[in-house]
Amino acid sequence: MIDEIARQLQDHHSVMTLIQQQMTPQIAEVVEIMSNAFTSGKKVLIMGNGGSAADSQHFAAEIVGRFKLERAALPAIALSTDTSILTAIGNDYGFDAVFSRQIEALAASGDIVIGLSTSGNSPNVFKALELAKERGCRTIGLLGRDGGSIKNICDVALVVPTNDTPRVQEAHITIIHIVCDLVEKGLFT
Ligand SMILES: O=C(CO)[C@@H](O)[C@H](O)[C@H](O)[C@H](O)COP(=O)(O)O
Ligand SMILES: [Zn+2]
C-alpha cells in the first residue's frame with residue numbers, strides 16, 4: 001500500500017511538471033481573456049459533470065466571493081447548482097441539454113463559457129460550448145486525455161496530458177486556483 005500511495009503521488013507530481021513545461025502560456029491566455037471580460041462588464045459561466053461539477057462550483061465561488069484579496073465581487077455562475085433547473089431540463093429535454101439550455105437562457109455575446117471535462121467528450125458540455133460559440137461567447141475548455149471532441153470547439157483548450165481522471169481533476173483545480181489568483185491580482189492590485 002505504501003508503494004501505491006507513493007506511486008500515485010509521483011504520478012500527480014509528474015503531471016504538474018508537464019503542465020509547468022507545456023501549458024503556462026495557455027494558462028496566461030485564460031487569465032488575460034477572463035480579466036478583459038470582467039473589465040468589459042461580462043460574466044463567466046462554468047460547467048462540468050461529477051467531480052468537474054464540484055470544480056465548476058469551486059471556481060465560481062472564488063470569483064463571486066473572493067480568492068485572497070478584499071475586493072469587489074465579480075460575476076460567475078456554475079451551471080450545476082440548481083436541482084430544479086437540472087431536473088426540469090433533464091426530464092423534459094434530456095440530460096444532454098442540461099447545460100446548453102442554461103446557456104440559451106443566460107449567455108450573452110462576449111461572456112466567457114468554461115467547460116470542464118476530463119475525457120473531453122461529455123455531450124452536455126459539448127452542446128453547451130457549441131451553442132456558446134454561436135452566441136458570440138469566448139469558450140475555454142479544461143480537459144484531459146487527448147482533449148476529445150470538446151477541444152475543437154474551444155478558443156483556448158487546456159488539455160492536461162494524462163488519461164488518469166483523478167490526476168486530470170487535480171490539475172484542473174490547481175490551474176483554477178492559479179487563474180483566480182492572477183485575475184484577482186491583475187484587476188485589484
Ligand atoms: O470525480 C469523478 C472521477 O474522479 C467522477 O465523478 C467524474 O467526474 C464523472 O464520472 C464524470 O461524469 C466524468 O465526466 P468527464 O470528466 O469525462 O466529462
Ligand atoms: Zn474525482
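## Secondary structure and the loop of Arg145

Helices, H or I runs of at least four residues, and strands, E runs of at least two, are taken from DSSP and numbered from the N terminus. In these terms, Arg145 sits in the loop between β4 (138–144) and β5 (156–160). The model described here is predicted.

The backbone at Arg145 has a positive phi of about 50°, although the residue is not a glycine. Most residues other than glycine have a negative phi.

## Shell around ligand 1

The residues around ligand 1 are Asn49, Gly50, Gly51, Ser52, Ser117, Thr118, Ser119, Ser122, Thr165, Pro166 and Gln169. By class, this shell has one nonpolar residue, 10 polar residues and no charged residue.

Two helices, α3 (51–64) and α7 (165–188), each supply at least two residues of the shell. The largest share, three residues, comes from α7.

## Thr118

Thr118, one of the residues around ligand 1, lies in the loop between β3 (112–117) and α6 (123–134). Is Thr118 buried or exposed? With 28 C-beta neighbours inside 10 Å, Thr118 counts as buried.

Not counting residues up to four places away in sequence, Thr118 touches Ser52, Gly144, Thr165, Val168 and Gln169. Ser52, Thr165 and Gln169 are also among the residues around ligand 1. The C-alpha atoms of Thr118 and Asp164 are separated by 8.5 Å, with the two residues 46 apart along the chain.

## Packing of α3 against α7

The axes of α3 and α7 come within 10 Å and cross at roughly 10°. The angle is under 35 degrees, so α3 is roughly parallel to α7.

On the α3 side, the residues that meet α7 are Gly51, Ser52, Asp55, His58, Phe59, Glu62 and Ile63. Their counterparts in α7 are Gln169, His172, Ile173, Ile176 and Cys180. This contact has five nonpolar, five polar and two charged residues. Gly51, Ser52 and Gln169 take part in the helix contact and also belong to the shell around ligand 1.

## Nonpolar core

The largest nonpolar core has 50 residues, of which Met34, Val44, Leu45, Ile46, Ile112, Val113 and Ala128 touch the most other members. The element that gives the most to this core is α7, with seven residues. In soluble globular proteins, nonpolar side chains tend to be buried together.

Which residues does Ile46 contact, leaving aside its neighbours within four places in sequence? They are Ser56, Phe59, Ala60, Ala76, Ala78, Leu79 and Ile114. Phe59 also takes part in the contact of α3 with α7.

## Two further loop positions

Met23 is found in the loop between α1 (2–22) and α2 (24–39). Met23 counts as partly exposed because it has 17 C-beta neighbours inside 10 Å. Met23 and Val159 are 136 residues apart in sequence and 8.4 Å apart in space, C-alpha to C-alpha.

Thr81 is placed in the loop between β2 (76–78) and α4 (83–93). With 12 C-beta neighbours inside 10 Å, Thr81 counts as exposed, since that class takes in residues with 12 or fewer. The C-alpha atoms of Thr81 and Asn152, which are 71 residues apart along the chain, are separated by 27 Å.

Definitions and conventions. Residues are numbered from 1 along each chain as its sequence is written. Chains are lettered from A and ligands numbered from 1 in the order in which they are written. This is a predicted model: local features need pLDDT of at least 70, side-chain atom pairs count only at pLDDT 80 or more; totals for chains, interfaces and linings use all residues. A residue is near a molecule or strand if its C-beta atom, placed from the backbone, lies within 6 Å of it. Ala, Val, Leu, Ile, Met, Phe, Trp, Tyr, Cys and Pro count as nonpolar, Asp, Glu, Lys and Arg as charged, and the others, Gly among them, as polar. A nonpolar core is a set of buried Ala, Val, Leu, Ile, Met, Phe, Trp, Tyr and Cys residues joined through C-beta atoms within 7 Å. A residue is buried if 20 or more other C-beta atoms lie within 10 Å of its own, exposed if 12 or fewer, and partly exposed in between; C-beta atoms are placed from the backbone. Two residues are in contact if their C-beta atoms, placed from the backbone, lie within 7 Å. Axes are lines fitted to C-alpha atoms, for helices over the stretch in contact, and angles run from 0 to 180 degrees between N-to-C directions. Angles under 35 degrees count as roughly parallel, over 145 as roughly antiparallel, 65 to 115 as roughly perpendicular and the rest as oblique.
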